[in-house]
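This briefing covers the overall build of one chain and then the setting of a single residue.

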Amino acid sequence: HEEWPARLAMYEADSLDTLDITFFPAAEMNSARQRHAGDYISVPTLTTWNVEFDTRRPPFDDPRVRRAFVLAIDKEMLVDVIMDSWALLGTGGFVPPGMPGHSRGIGLPYDPEGAQRLMTESGYPGGRGFPEILCLARDDPGHDLVCEFLQSQWHEVLGIEIAWELTEWGHFSDKNILENVHMWMVAWMVDYPDPDNVLRVQWWLDPAWQHENYWSLIENARRVMNQEERMRIYRQAERILVEEAPILPLIYGRFHMLVKPWVKRLPTTPLRNWFWKDIILEDH
C-alpha cells in the first residue's frame, strides 16, 4: 500500500496502462478517480465486509444483543456519506450480489428504536451495565472510516462506548489473539463463486456459533445435485444467519481502476482474475 504514490505517478506519466486504486487510502482514491474521471471504471467484486461476534460468551452470546447491534447501523449513510459510494449497500445477506444464491433485501433494517428495545430486554437499558469489549479490525484502507462510523452509531443509538484496535493481518489472524476479542471486522472475498464458500468455509473465524438447523441445511445443500434446489436451501440457511445475527453483513465490495483510453479490451472475472492473452491495446 505504501507504493501507491509512485504507481499513480507512473500512470499519470503513461508508464502504466492500468492502475488498480481499490486499496489506495480513501481520500487518495477519491482524488484519483475524480482527477481521471474519463479513465475510471468500477465493477462489483464477490466480497462482503462483515462484523463478526464472539458468540461463546457475554454479551454476544445473547442473540438480542447481536440483533440490536445490527439494527443500530444505518448502512445507507455508511455507503453514501462515509464511504462516498465506493462500496455497495449491504442490504442482502452474506452471499454477495453477482453470485448464485444472493438474497436481495433480507438484511435486518436500520431500526434504532427496535435496537434500543432489544438492549433493554437483554439487561442493558441505554447501554448501562454493558461490559468493556475488545474489537479488532485490519489496518487496510477504508477500515478506519468504517470502524469510526460503527463506533459513533453504537454510541448514539445504544449508548455504548466501543474502542477498535486496527492491526496488520499477521496479528489479526493469530487464533490466540482472537481468543480475547469480542468482535472483529473482516472483508471476505470468495475463493470460488458458490454459496458454500461464504456460508460454510468462512466459518474458520468463529466455529463456536452452532445452530443445528443451519448446519443441517448447509450439509444438505452440499449433497444436492440440482442447482435450483441447492440455491433454495442456501437461501433458507442464510435467513437463519440474518435472524440469529452471529455476523453483521455491512457492505459489498467494488473494484476500482483507472484504464487508459488505448486499452480497448480488458477482460476479467469477478474474482479479479485477468485474461492476459485477450487484452487489446491500440497504438498510442
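A residue counts as buried under 20% relative accessible area, as exposed over 50%, and as partly exposed in between, with a 1.4 Å probe and protein chains only. By that cut-off, 48% of the 284 residues of the chain are buried. The model is predicted, so local features need pLDDT of at least 70 and side-chain atom pairs count only at pLDDT 80 or more, while totals for chains, interfaces and linings use all residues. Residues are numbered from 1 along each chain as its sequence is written, and side-chain values use heavy atoms, with hydrogens and water left out.

**Fold and dimensions**
- The chain holds 11 helices and 9 strands, taken as DSSP runs (helices H or I, at least four residues; strands E, at least two) numbered from the N terminus.
- Its radius of gyration is 20 Å, close to the 19 Å of the globule rule for 284 residues, so the chain is as compact as a globular protein of that length; the radius is taken over C-alpha atoms, and the rule is 2.2 Å times the number of residues to the power 0.38.
- The C-alpha trace spans about 65 × 45 × 35 Å along its principal axes.

**Contacts**
- Of the contacts (heavy atoms within 4.5 Å) between residues at least 6 apart in sequence, 75% join residues at least 24 apart.

**Lys277**
- Lys277 lies in the loop between strand E8 (263-265) and strand E9 (280-281).
- With a relative accessible area of 75%, Lys277 is exposed.
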